[in-house]
Number of protein chains: 4
Amino acid sequence: MKKGFASDNNSGVRPDILKAMEAANPGHYTGYGNDPFTQKAISVFKENFGRETEVFFVFNGTGANVLGLSSVTRSFNSIICAETAHIQEDECGAPEKFTGCKLLPVETKNGKLTPEIIQHHLKGFDFEHHSQPKVISISQVTEMGTVYQPEEIKALAGLAHSHNMLLHMDGARIANAAVSLNLGFREFTKDCGVDVLSFGGTKNGMMMGEAVVFFNPDLAKQTKYLRKQSMQLYSKMRFVGAQFVAYFENDLWKETAAHANKMAKMLEAEIKQIPEVKITQPVEANGIFALVPPKIVKPLQEQFFFYIWNEQNSEVRWMTSFDTTENEIREFAALIKKLVSEK
Amino acid sequence: MKKGFASDNNSGVRPDILKAMEAANPGHYTGYGNDPFTQKAISVFKENFGRETEVFFVFNGTGANVLGLSSVTRSFNSIICAETAHIQEDECGAPEKFTGCKLLPVETKNGKLTPEIIQHHLKGFDFEHHSQPKVISISQVTEMGTVYQPEEIKALAGLAHSHNMLLHMDGARIANAAVSLNLGFREFTKDCGVDVLSFGGTKNGMMMGEAVVFFNPDLAKQTKYLRKQSMQLYSKMRFVGAQFVAYFENDLWKETAAHANKMAKMLEAEIKQIPEVKITQPVEANGIFALVPPKIVKPLQEQFFFYIWNEQNSEVRWMTSFDTTENEIREFAALIKKLVSEK
Amino acid sequence: MKKGFASDNNSGVRPDILKAMEAANPGHYTGYGNDPFTQKAISVFKENFGRETEVFFVFNGTGANVLGLSSVTRSFNSIICAETAHIQEDECGAPEKFTGCKLLPVETKNGKLTPEIIQHHLKGFDFEHHSQPKVISISQVTEMGTVYQPEEIKALAGLAHSHNMLLHMDGARIANAAVSLNLGFREFTKDCGVDVLSFGGTKNGMMMGEAVVFFNPDLAKQTKYLRKQSMQLYSKMRFVGAQFVAYFENDLWKETAAHANKMAKMLEAEIKQIPEVKITQPVEANGIFALVPPKIVKPLQEQFFFYIWNEQNSEVRWMTSFDTTENEIREFAALIKKLVSEK
Amino acid sequence: MKKGFASDNNSGVRPDILKAMEAANPGHYTGYGNDPFTQKAISVFKENFGRETEVFFVFNGTGANVLGLSSVTRSFNSIICAETAHIQEDECGAPEKFTGCKLLPVETKNGKLTPEIIQHHLKGFDFEHHSQPKVISISQVTEMGTVYQPEEIKALAGLAHSHNMLLHMDGARIANAAVSLNLGFREFTKDCGVDVLSFGGTKNGMMMGEAVVFFNPDLAKQTKYLRKQSMQLYSKMRFVGAQFVAYFENDLWKETAAHANKMAKMLEAEIKQIPEVKITQPVEANGIFALVPPKIVKPLQEQFFFYIWNEQNSEVRWMTSFDTTENEIREFAALIKKLVSEK
């Protein structure tokens, strides 16, 4: 099947990561994380984020978000997020089901929360009739393809902490954000006041595997039980551990994400030459949102699959991936040009 | 690390299954199961279990059990199981947490439920103060290494159905059971009245991946939502699909499980020659339970790792795997003999 | 303590209702609803709403809402409501905790939903990543003191049903709505397409007790178990039954609510003569919302207690009750006049 | 209807308690507990149990148990109880649903746990696959009508605390226990190491209302939110507060429970003269368990209603109440004598 622009998880696994998995295959190892690959992967996270960091590997992004959030909440808490957040829109209610918490979605222009637009939810503290606000959750990269600047994250963390709340980051595409910001992971997470991080791997060339990262180990004291209870404890954990080791080695993650981001920028440049298509969000990572003439959607999808973001206004989302080629970008842009000009 | 007898999930992946995963890697495919590998795997299940079968792939065994059980229960139901059942002992309360149901553990001699020993729980129907019995859950192979005979399963299914209840089978080691019974999967599941099946792959040479199988599609109408909400929907599902296709091809599963079972039988034969060690359960699949002299546990574990089952009476559990060798069995038995005779 | 305008639940019990409770006291009766008082109360509901109605008594309003909603949802559903709804703002997350569902709050002008403003949430059907919209929940009277007209309810019911969804009404103040509309209960509930109704008594002169009413008995098949499991099954149920019998007898509810509504109208008339105070919502039942000069809040509260609705703009809420007197209204209005004119 | 022996909750309300409720009726009071009646009731509890005690009133016994247990557990914990415990048998799974915990029922001879019979559940600490044991829950009076002696409670508390666990007491019939032991409430709860207590009122002459009592205030820090979220926060709380004030005044509770217990003893004495009926449990409070000839059950129930405890062996339960009269006991015993001797 021709590669499309539907999602960065439509791609397979980077060959070097697959190789690392094969290399981890021979022999017996204790299950559930007590193997050298997983232990090595944990060390790598500690090197990146600091010695006192606690790391828990899980299967997927929803699992990571739910485990991180359930570790730091009780059922009577609320979680503030963008109305476009994955935890609000795309997890079929897993956060509510597993944490019992109320999610408070906030309308945004570009997928990014700001202190101003969430202010009205910071109320009802100590009032037993009201779900107690406990977490501000942001996505980095956002679901709209935008990237929080460090000072924006700091402002939200400061606001959270001043209310005895925590800042959670859904980093399903954190590598794309790091490349976009040209910063190390720590600089725009822990150093900006993030408390709990879902660190994604699957969307950037891994087969499966995400990490829940706590910068304050006190927050993680019950996480191991919650991971098991939330069905996210993997028996043959070595295969996630080995991937993460390879992922960090020689900054593999950076090369991968940088390519995806570059492809998005290239596509943006191509699209800007097509007046019938209007890009609706700043292209800051590996996603492009655009208004396209409705008539081109179907024929375009037939050759390069992608998702419609908003049926109402014919807004589409195009995601690039580690294996998107310059040729594919050119072909895709050429097809758009051809389709918009037809009849 | 030397291979031990701790668990069949301490082994890696069968090389031919790993190869199938690599073969599935190139190119883009729609995520979450809408790919040809997953679709093919579903077909294979339907071939094995009948056209009307509904199949849902998940990450792990706990996920499979919880998804199957939550599909067929409401929170006010109860689930009857052996007190040794994985859902009772080894899932950190995931079934209670996610289904809301009450688990009713029953003491058994050998891990197997019978109509007699669960009879006293079949009460309180229609009585709103009482959790409503809805599911009888059995493990095949049981956690004690024993295997239900078809007529035993039929009796439990009949009992369940006569009370408007369902029979769930935790088949984490279903391949070992099939080999032990010398039957096809369908013959001791669907054909015996099982309603919901957790079909395991990980413990028999797969990397990860289990299937929840419903023989009556009406029971599965809400399962796709529950799978997502229970954090068990895998984005790059092709890698589970490809494994299951390979697993069924040329009865790979049978070869794998047959070897593991054979190794257990070989170990049994060796052990029977050691009067100081007493096997406590019939060896019907790939697990051996035995009382050993306490003094030998530590030195034995140092060379071949395994778990103590019962600290009180020094009962141990030895599991064989697809990659256990005859040599290892001999070495292990020889070491036991040496250790028991020392001093 | 002087009566204030804080809430209609700050009043006690109508003396005739208290008398009915005393009359039910002597003797033994089977618990949990199988007593003649409860049975009679159920009959009265059936007379009002139709033979096929199913009625379940519970302790309080949150219990009623949660029981009604949990009866008709699964955990992967979503529930659309006004952002001011009691289930969203005032139940400390009980609906999420007990149903597992996602609540989708919608901004409104006056506490009332319309088909237009909820339209954007009617999406994602059959898409397993998205919580499945299942219920539209409205409050009648709304938390802003406004009342839905029958045609407005019909429009929402029609929209719900056309999407295979249901309409839930939180009728904590349903008697005040009935009086306001000059309609019988059935005319603006069942006859307008409402599927599940929380029928309140406590805020209109009862001691405790609400009813969950299902107009389609198929929706209530599991409610008795859910009531017990949600801790809402009262052992000495006769004392709720007796209250509801008295409540309906001679239209007691109507007299009570009519008085409360009348007092609100009287207060409105008084307030309209005070230019410094601006009423912000139509006064359609027994609540008045008004912007008052910040300086008068404290001294006014000291004599007649009430709650500030919105700290930001000094909006207050005044509720009248069955036992509010004309004198109290006059005194209260006089005090406001005095306070606004001071200094 | 003739008074029977079905349950102590089949009786109404003690007239003096009803009077206290009426006395609390006039006037307005802030809702949800901030009224002088509730505040006075809290003081009374503190006088009985110590200044640092935290008290939360709820509607019913299931609500009390669930609120107490959810305050001190996380979802991955387990709760050890007798297999006859109300939380296991009679709450339709409310504890599992609301706490997410696993209940571990233990077979007992007389409804009472001992350190010996629960020992095998005290395992798996720190092991993430295993629900973490956190609470031992006992009922005082037990569901079998037996009463724990102080030293028995101390032994269980000591065992719990030595494992970093807590002791919960379901005191639905705590007054009957106090009378039976001839001790004050504190002497066999707090002073014996109980951590969390469900203090019952409804079964001993109140209309409704139970209290959750924490002897260590640190355990109660989140209880107010959990009470609201568990639908147990009563708006017109004064009517529970006023009952408890009356209940403690002049040791009303003691008079009430003493009478019920005395009636049970009187019935026991009568029954002992009937060789065809065999009492199966020590009569230590207000319940009698007895094996009766199956033929007498129906005709006996027709005149004095009661419940069959065990269909298998024709064991019945007879409960006496504050309003059971000596005459009723005599009539009942006479009827039994007559029925057993017929034909």
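**Helix packing and chain contacts**

A: Let us start with a pair of helices in chain D: H12(D) and H13(D) make a right-handed crossing. A crossing counts as right-handed if the near helix is turned clockwise from the far one by less than a right angle, and as left-handed if the turn is anticlockwise. Helices (H or I, at least four residues) and strands (E, at least two) are DSSP runs, numbered from the N terminus.

Before going on, please keep in mind that this is a predicted model, in which local features need pLDDT of at least 70 and side-chain atom pairs count only at pLDDT 80 or more, while totals for chains, interfaces and linings use all residues. Residues are numbered from 1 along each chain as its sequence is written, chains are lettered from A and ligands numbered from 1 in the order in which they are written, and side-chain values use heavy atoms, with hydrogens and water left out.

Back to the helices. H12 covers residues 294-303 of chain D and H13 covers residues 326-341; they pack at an angle of about 145°, with their axes 10 Å apart. Axes here are lines fitted to C-alpha atoms, for helices over the stretch in contact, and angles run from 0 to 180 degrees between N-to-C directions. From H12(D), the residues D:Lys295, D:Ile296, D:Pro299, D:Leu300 and D:Gln303 meet D:Phe332, D:Leu335, D:Ile336, D:Leu339 and D:Val340 of H13(D). Sorted by class, this contact holds eight nonpolar residues, one polar and one charged. In this sorting Ala, Val, Leu, Ile, Met, Phe, Trp, Tyr, Cys and Pro count as nonpolar, Asp, Glu, Lys and Arg as charged, and the others, Gly among them, as polar.

Chain D also has a cis peptide bond, between D:Gln140 and D:Val141, with omega about -10°. D:Val141 sits in the loop that runs between strand E4 (132-139) and helix H7 (150-162) of chain D.

Next, the partner chain. Chain B puts 22 residues in contact (heavy atoms within 4.5 Å) with 22 residues of chain D. Together they bury about 1,800 Å², with carbon and sulfur atoms giving 44% of that area. B:Glu89, B:Cys92 and B:Lys102 supply 31% of what chain B buries against chain D, more than any other three residues. Buried area is the accessible area (1.4 Å probe) that two parts lose on being put together, summed over both.

There are four salt bridges between chain B and chain D, each a side-chain nitrogen of Lys or Arg within 4 Å of a carboxyl oxygen of Asp or Glu. B:Glu96 and D:Lys102 meet in a salt bridge through their side chains, at 2.7 Å from N to O. Helix H4 (86-89), helix H5 (94-99) and strand E3 (102-106) of chain B each supply at least two residues of the side that touches chain D. E3(B) gives the largest share of that side, four residues. Its classes are seven nonpolar, seven polar and eight charged residues.

Chain B has a further neighbour, chain A, where 51 residues of chain B are in contact with 50 residues of chain A. These two chains bury about 4,500 Å² between them, 57% of it on carbon and sulfur atoms. On the chain B side, B:His28, B:Met231 and B:Lys236 lose the most area to chain A, together 19% of what that side buries. Between chain B and chain A the count of salt bridges is zero. The side of chain B that touches chain A has 20 nonpolar, 21 polar and 10 charged residues.
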